[in-house]
Amino acid sequence: MSLSRTARRISLRALLAVVVAAALLAIVPGRAAPAGAAAAGGGHPAKPVIVLEHGAWADASSWNSVISRLQLLGFTVYAPPNPLRGLPQDSDYLHQFLTQNPALQGQPVILVAHSYGGAVITGAAVGDPEVKALVYVDAFIPDEGDTVASLLSGSCLAGNPADLFNIVPIPGAPGDLDLYLKPSLVPECFANGLPASQAAVIAATQRPLATSALAATFGPPAWKTIPSWAVIGTADHVIPAASQTFMAQRAGAHITDVNAGHLSLISKPSVVTRVILEAVQATG
């Protein structure tokens with residue numbers, strides 16, 4: 001065999017190896033380009049990571065419909081647990097997840113929250129340069145000096161706690177209590193607009209909120225330096241639309257109204273997803 005023919009075969013094999021490797025890299029799900037790198041041939045930055053924070057009396061599964069839509073669009077999504085142990089603790093927990101998680105190092109982040117989670121992300125994003133946008137979904141958007149309790153005017157949860165909650169002591173936390181929504185309140189207060197069977201499951205699987213979370217005074221908010229968006233359920237009974245609109249306008253948020261109750265992330269996931277994509281596009 002001639003040297004030239006041997007060289008030609010080696011070159012063809014090398015070329016084939018490169019093509020196969022490139023194809024495999026293209027189809028591996030969730031594989032992201034290095035931080036700051038442009039997509040091959042397109043000149044566009046890598047997609048940001050979407051981090052979703054759930055609220056009180058819920059868990060990360062409340063984001064399931066939104067997560068599936070975002071993943072189908074090729075986004076990497078995380079929905080870490082919200083401890084619901086108190087505003088400082090919950091914000092610190094999420095801040096550590098954002099800043100110390102190796103999977104997020106150097107990655108731009110769109111931070112999204114529902115309900116009480118809005119108060120959590122407003123503190124957790126402070127001092128994190130990778131958070132490019134805040135998206136609030138039927139959520140609290142507190143300012144410095146606010147408490148969650150002070151923002152509940154007109155809420156179906158503003159009343160005698162004994163009438164609203166099943167109250168359970170927290171072991172090892174003297175003076176603090178866990179608040180469970182009374183199941184009878186869930187269909188019309190917390191989950192209005194959802195089928196009764198779905199509201200019953202939400203009532204059965206709810207995670208409690210510590211009473212200390214309602215009284216903690218809020219510090220400097222992240223929305224003063226990070227652009228924000230707000231999805232406002234016009235039929236929300238937990239955080240009335242008027243209160244949400246006031247907070248969103250105060251924060252300079254881009255507002256989208258939706259005909260939904262407090263759980264628009266479940267009842268209107270396509271709208272919530274669209275607003276997240278607007279934040280991605282505006283900050284990309």
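Me: Does Cys 156 count as buried, partly exposed or exposed, and at what relative accessibility?

Reply: This is a predicted model, in which local features need pLDDT of at least 70 and side-chain atom pairs count only at pLDDT 80 or more, while totals for chains, interfaces and linings use all residues. Residues are numbered from 1 along each chain as its sequence is written, and side-chain values use heavy atoms, without hydrogens and water. Buried means under 20% relative accessible area, exposed over 50% and partly exposed in between (1.4 Å probe, protein chains only). Cys 156, at 25%, is therefore partly exposed, whereas Cys 189 is buried at 5%.

Me: Which cysteines form a disulfide, and how far apart are their sulfur atoms?

Reply: A disulfide is a pair of cysteine sulfur atoms within 2.5 Å. Cys 156 and Cys 189 form one, with 1.9 Å between the sulfur atoms. The link is right-handed, with 70° about the S-S bond. Cys 156 belongs to the loop between β4 (131-137) and α5 (161-164) and Cys 189 to helix α6 (residues 186-190), so the pair ties together parts 33 residues apart in sequence.

Me: Which residues lie nearest the centre of the second largest pocket?

Reply: Rolling a probe the size of a water molecule over the atoms shows where empty space is left. On a 1 Å grid over the protein atoms alone, a pocket is an open set of points where a 1.4 Å probe fits, with protein on both sides within 12 Å along at least five of seven lines; lining residues have an atom within 4 Å of a point. Here 16 residues line the second largest pocket, and Ser 61, Ser 62, Gln 198, Ile 202 and Ile 266 lie nearest its centre.

Notes
Helix = DSSP H or I, 4+ residues; strand = E, 2+ residues; numbered from the N terminus.
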